[in-house]
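Subject: Structure for your attention

Dear colleague,

Please find below the structure that I am handing over to you. After it, I set out what was found, moving from one region to the next.

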Amino acid sequence: MENSLHILRAEKRWSQAELAEHLGVSRQTVNAIETGKYDPSLPLALKIGRLFDKPVERIFFLDGEMEAAAE
Amino acid sequence: MTASKKGNLSVSTSQHDADVPRDGRAELSFWGLWFRWSSLGPRDKADLIGMLVFAFAGGLVQGLTQADGVGWYRLIAPGMIILSLLLLFRFCRRQDELFQEIILHGAAGVGYGALAAVFSLQFFDHVTGSKSVDAALPVILSGMLIGSVIGTVRAYRKLI
C-alpha cells in the first residue's frame, strides 16, 4: 500500500515525532508508515484521516493507484 | 503573517511535547533486540528495570539452590521469573501496534524454536538410541532464545 502521509505532514510542518505525538504512537511507527514498510491498522488509519480532516482513501492507496489519484 | 507566527508557535510547542518521553511510545534498537532508552516513559523504565532485576535474581537463586534437595524455597526462582515475564507483558501491552507486531513475531519465534528443539532431541534420541532427558531443558530453552532472536530481527528488518 502507498500513502501521502509525508506530504500531509509536510503541509502541517510537523516532524515525525510531532505527528507521532498527535497519533499516540512512536516515531518509528510514523516512519514505517510513511516509507510504506508498515500498513497501519484500521483504527490508526481512521485516526490519521481525522487528524488531517481527510477520508482514509485520500491518504492511503492500493499499489499503483496513488499516481492516478494525483492526476 | 500572524497566522504564520501562530503556526510556528504551535509547532514549537508541539515539538517540545514530542521531545518529552511518554509511556507506550517505546522505540526498538539493536535490530529489535533492545529499546531506545531515551524513548521510554517513567512507567516503561520502571517495568523494564523490574523485569531485569527479577530475571537476574531468579537466575541467581536457581543457580544457588540447584544442588539442594526439594524445599519450598525452590519455588522462589520460578516465582521471580514469572514476575519478570508479567512485567515484560505489561510493558509490551502498553506499546503501540508496530511494536506489538514485532514482539509478536519474536513470540512466534519462541514457539518455532521450542518445536525445533523438541524435534531435534527426538531425532537425536532416535538415531543414537539414547535418552537425552537431562539435556532437554537447556536445549529447549536455547531453541526458544534463538527462535525469538530470529523472529524479532526478521520482523525489525522488514518493518523498520
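I begin with A:Y38, which sits in the loop that joins α3 and α4 of chain A. Please bear in mind throughout that this is a predicted model.

Is A:Y38 buried or exposed? Its relative accessible area is 6%, and since buried means under 20%, A:Y38 counts as buried. Leaving aside residues up to four places away in sequence, A:Y38 touches A:T29, A:A32 and A:I33, as well as B:E97, B:L98, B:E101 and B:L159. By contrast, the C-alpha atoms of A:Y38 and A:I7 are separated by 17 Å, and these two residues are 31 places apart along the chain.

The helix α3(A) is itself mostly covered, with 6 of its 8 residues buried. The buried residues are A:Q28, A:T29, A:V30, A:A32, A:I33 and A:E34. Just after this helix, A:G36 adopts a positive phi of about 80°.

What lies against α3(A)? One partner is α2(A): the two helices pack with their axes 8 Å apart, at an angle of about 105°. An angle from 65 to 115 degrees counts as roughly perpendicular, so α2(A) is described in that way relative to α3(A). On the α2(A) side, the contact involves A:Q16, A:A17, A:L19, A:A20 and A:L23, and on the α3(A) side A:R27, A:V30, A:N31 and A:E34. Sorted by class, the residues of this contact are 5 nonpolar, 2 polar and 2 charged.

Helix α2(A), residues 16-23, also meets helix α4(A), residues 42-51; their axes come within 10 Å and cross at roughly 110°. This angle makes α2(A) roughly perpendicular to α4(A). A:L19, A:H22 and A:L23 of α2(A) make the contact with A:L44, A:K47, A:I48 and A:L51 of α4(A). Here the classes are 5 nonpolar residues, 1 polar and 1 charged.

I now turn to chain B. Its helix α5, residues 133-159, has 27 residues and reaches 39 Å from its first C-alpha to its last, close to the 39 Å expected at 1.5 Å a residue. The buried residues of α5(B) are B:A136, B:G143, B:G147, B:G151, B:T152, B:V153, B:A155, B:Y156 and B:L159. The elements covering them include α3 of chain A, along with β1 and α4 of chain B.

Finally, there are the aromatic rings. How many aromatic pairs does the structure hold over all chains? There are 5. In one of them, the rings of B:F35 and B:F91 have their centres 5.0 Å apart and their planes at 70°, so the pair is edge-to-face. This pair links distant parts of the chain, as B:F35 is in strand β2 and B:F91 in helix α3 of chain B, 56 residues apart. Both residues count as buried: B:F35 has a relative accessibility of 9% and B:F91 has 0%.

B:F35 also forms a stacked pair with B:F99, at 5.8 Å centre to centre and with 25° between the planes. Because B:F35 lies in strand β2 and B:F99 in helix α4 of chain B, this pair ties together parts that are 64 residues apart in sequence. B:F99, like B:F35, is buried. Together, ring pairs link B:W34, B:F35, B:F91 and B:F99 into a cluster.

Yours sincerely

Definitions and conventions. Residues are numbered from 1 along each chain as its sequence is written. Chains are lettered from A and ligands numbered from 1 in the order in which they are written. This is a predicted model: local features need pLDDT of at least 70, side-chain atom pairs count only at pLDDT 80 or more; totals for chains, interfaces and linings use all residues. Side-chain values use heavy atoms; hydrogens and water are left out. Axes are lines fitted to C-alpha atoms, for helices over the stretch in contact, and angles run from 0 to 180 degrees between N-to-C directions. Helices (H or I, at least four residues) and strands (E, at least two) are DSSP runs, numbered from the N terminus. Angles under 35 degrees count as roughly parallel, over 145 as roughly antiparallel, 65 to 115 as roughly perpendicular and the rest as oblique. Contact means heavy atoms within 4.5 Å. Ala, Val, Leu, Ile, Met, Phe, Trp, Tyr, Cys and Pro count as nonpolar, Asp, Glu, Lys and Arg as charged, and the others, Gly among them, as polar. The expected span of a helix is 1.5 Å times one less than its number of residues. Buried means under 20% relative accessible area, exposed over 50%, partly exposed in between (1.4 Å probe, protein chains only). Rings of Phe, Tyr and Trp (its six-membered ring) pair if their centres lie within 6.5 Å; planes under 30 degrees apart count as stacked, over 60 as edge-to-face and the rest as tilted.
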